[in-house]
Amino acid sequence: MANAASGMAVEDNCKLKFLELKKRTYRFIIFRIDGQQVVVEKLGNPQETYDDFTASLPADECRYAVFDFDFTTNENCQKSKIFFIAWSPDSSRVRMKMVYASSKDRFKRELDGIQVELQATDPSEMSFDIIKSRAL
């Protein structure tokens, strides 16, 4: 499925794994652009934590990721929200940042059920506290 705006295709496996994440099969999925298509790079099992997820993101390369965040509301209700995170570290190459930025919206539309979007260029911009505040 080609992306007219950026020429980027989305591998079918990306959508299939996202559907499985919605059914609680995975805690997170990290996607990367490989050539002219978005592919699954890593799947996090349900027992993995937010720290495991952030440690899986490369320090100097862009990625897309989805994270299924479980939390308790102020009313003591168990909830979960699916975050879409566009990881674009300052240290990554300019061309890579441009490709990821131009393909993001089209890729995100392929993943039906994203509840919160976050753009991060530095680990501090996606700290656990920020994720939790965006979920509530």
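**Reading the terms in a predicted model**

Modeller: Arg-24 lies in the loop between α1 (12-22) and β2 (28-34). This is a predicted model, in which local features need pLDDT of at least 70 and side-chain atom pairs count only at pLDDT 80 or more, while totals for chains, interfaces and linings use all residues. Residues are numbered from 1 along each chain as its sequence is written, and side-chain values use heavy atoms, with hydrogens and water left out.

Colleague: Why is Arg-24 called partly exposed?

Modeller: Buried means under 20% relative accessible area and exposed means over 50%, with partly exposed in between (1.4 Å probe, protein chains only). Arg-24 has 40% relative accessibility, so it counts as partly exposed. Its phi is near 75°, a positive value in a residue other than glycine.

Colleague: Which value of phi does Asn-76 have, and what makes this residue exposed?

Modeller: Phi of Asn-76 is near 70°, also a positive value in a residue other than glycine. The relative accessible area of Asn-76 is 65%, and therefore the residue is exposed. Asn-76 belongs to the loop between β4 and β5.

Colleague: Thr-73 lies in the loop between β4 (63-72) and β5 (78-87). Why is Thr-73 called buried?

Modeller: Its relative accessible area is 15%, so Thr-73 is buried. Beyond its neighbours within four places in sequence, Thr-73 is in contact (heavy atoms within 4.5 Å) with Lys-79 and Leu-136.

Colleague: What makes Ile-114 partly exposed, and which residues does Ile-114 contact?

Modeller: Ile-114 has 22% relative accessibility and therefore counts as partly exposed. Ile-114 is placed in the loop between α3 (94-110) and β6 (116-120). Its contacts, leaving aside neighbours within four places in sequence, are Phe-18, Val-66, Ile-82, Phe-84 and Lys-108.

Colleague: How many helices and strands does the chain have, and in what order do the elements run?

Modeller: Helices (H or I, at least four residues) and strands (E, at least two) are DSSP runs, numbered from the N terminus. The chain has four helices and six strands, in the order β-α-β-β-α-β-β-α-β-α from the N terminus on.

Colleague: What makes the chain as compact as a globular protein of that length?

Modeller: The radius of gyration is taken over C-alpha atoms, and the globule rule is 2.2 Å times the number of residues to the power 0.38. The radius of gyration of the chain is 14 Å, close to the 14 Å that the rule gives for 136 residues, so the chain is as compact as a globular protein of that length. Its C-alpha atoms fill a box of roughly 45 × 30 × 20 Å along the principal axes. Of the 136 residues, 43% count as buried. Among contacts between residues at least 6 apart in sequence, 62% join residues at least 24 apart.
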